[in-house]
Amino acid sequence: MTTTVFLLRPQQDVWQRIGDWLAGHQRQIRWVQWSVVLVYAVLLVVPVLLPMPGNAAHVWDDFTRFAQFAFWGIWWPMVLLATALVGRVWCGLLCPEGAISEFSSRHGRGGGIPRWVRWNGWPTIAFAGTTLYGQMVSVYQYPKPALLVLGGSTLAAAVVGYLYGKEKRVWCRYLCPVGGVFGLLAKLAPLHFRVDQEIWRQSQGVGLNPGVVNCAPLVPLKTMRGASDCHMCGRCSGFRGAIRLAHRSPSHEIVHVAGEHPKPWETVLIVFGLMGVAVGAFHWTGSPWFNATKQWTAERLVESNVLWPLEISPPWWVLTNYPERNDVLTLLDGATLVFYVLTTALAAGLAITLLLSIATLCLGRWNPGRFHHLAQTLIPIAAAGVFLGLSAFSVTQLRMDGIDLPWIDYARVAMLILASGWSGALSWHVTGLYCRGKGRRLMALASIGLAIATANTGWFLFFWGW
């Protein structure tokens, strides 16, 4: 049982009261979590049992279309946006995988967490792999791939919870395919649970037992300085009188916290994942380069009398295979898809890495920590791109149903401009931590500006350039 003692607390404000309310209503929060689990299961399973929707089906009169729009048109884009606005509230209060993993861990064998599970690269590798595989099987368009990808992830979360930890979310902390992305977006949130180190220190001399807080995502509360790992569940609110929900500048964590402990795998996720793999995954269906590559390869294969890559269509769980919808990918299609996405990720990632390296050198001698800190300033533009890519599915679905949004292009441009400006402002503040000379800082900012322009080019081609 969790006991909380309130010690030496400053006067409460509205945010602190909200945090304390969360701490005192964990039973109700669990009911909400399991309600989301039920909705999640219905949206995933029921469409698989129904016939494929016809061309005349609409979001409002066909459950399969409704489920697709709910998942990919509303659910995931809004989760990304909410994480950037209020931190990882989705993870702590609503996520079905989190609830299932913690429940499984509570009733599991409680084993120690293996070293391989704690490898820092898993969130980045899982995000890239899941994104690429989702494109191969058309996860956004068909219910069976959605059940396979999302349901498989949920099953893995339950198994990991059963095997490791006790009432912990080991899956969420180390292995979740979107956990790394949520951690990056949470750095932008103007809300976080703040730990007052002085009050914590004073509370240790009071002589009272403050009880125990079950931090399910395994965050070291005493040293917690940011919102990246915190799931915003509120269980720790008021602990030792030193932890409370508070507002902050949305730039604070990136400027003042992210540089203290450089995380190379976060840089890889930002530069090669969000600004590379994600761009290629959204691009390939409409890219003339993809079609030209496939056409050239097909011609070479025909000239060599090697026809099987053009004729073999693997099952739907390997590559998209729905002949009744005239939607089938051959081995050549699949190989070209993988090649295109990975090439896009490599080209964009290497270009941005080079520009970040130049910016790092503009501020002085090479410093890996400074390089990784500058990479953090690209989070706003990287996040904006992924949000726009996901929301493009929302717009497409609405247009299929005859609902046009004439203002959407202006909104997209505005978001890219605002995100670019935010990344630029973050870069200027971060460069000031490493160099006082305005000339050097301006040169570094110019190089980072080219990195931002590289990211924007991909999205301008996607929305307006093909």
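This is a predicted model: local features need pLDDT of at least 70, side-chain atom pairs count only at pLDDT 80 or more; totals for chains, interfaces and linings use all residues.
**Helix 7**

Helix 7 runs over residues 143–163. At 1.5 Å a residue, its 21 residues should span 30 Å, and the end C-alpha atoms lie 29 Å apart, so the two values agree. Its buried residues are P143, P145, A146, V149, L150, S153, T154, A157, A158, V160 and G161. Residues three or four places apart on an α-helix point the same way, because a turn takes 3.6 residues. The cover over the buried residues of helix 7 includes the elements in this table.

| Covering element | Residues |
|---|---|
| Helix 2 | 26–49 |
| Helix 3 | 63–86 |
| Helix 5 | 96–106 |
| Helix 6 | 122–136 |
| Helix 8 | 170–175 |
| Strand 3 | 321–322 |

G165 follows helix 7 and has a positive phi, near 80 degrees.

**Helix 2 against helix 5**

The axes of helix 2 and helix 5 are 8 Å apart, at an angle of about 115 degrees. Their crossing is left-handed. Helix 2 brings Q33, W34, V36, V37 and Y40 to the contact. Helix 5 brings P96, E97, A99, I100 and F103. Eight of the contact residues are nonpolar, one is polar and one is charged.

**Nonpolar cores**

The largest nonpolar core has 69 residues. F71, W72, L356 and L378 touch the most other members. Helix 17 (residues 379–400) gives the most to this core, with 11 residues. Leaving aside residues up to four places away in sequence, L356 touches V271, F371, L374, A375, L378 and I448. Another core, of 17 residues, lies apart from the largest one. Among its members are W200, V219, M224 and I243.

Methods
Residues are numbered from 1 along each chain as its sequence is written. Side-chain values use heavy atoms; hydrogens and water are left out. Helices (H or I, at least four residues) and strands (E, at least two) are DSSP runs, numbered from the N terminus. The expected span of a helix is 1.5 Å times one less than its number of residues. Buried means under 20% relative accessible area, exposed over 50%, partly exposed in between (1.4 Å probe, protein chains only). Contact means heavy atoms within 4.5 Å. Axes are lines fitted to C-alpha atoms, for helices over the stretch in contact, and angles run from 0 to 180 degrees between N-to-C directions. A crossing is left-handed if the near helix is turned anticlockwise from the far one by less than a right angle, and right-handed if clockwise. Ala, Val, Leu, Ile, Met, Phe, Trp, Tyr, Cys and Pro count as nonpolar, Asp, Glu, Lys and Arg as charged, and the others, Gly among them, as polar. A nonpolar core is a set of buried Ala, Val, Leu, Ile, Met, Phe, Trp, Tyr and Cys residues joined through side-chain atoms within 4.5 Å.
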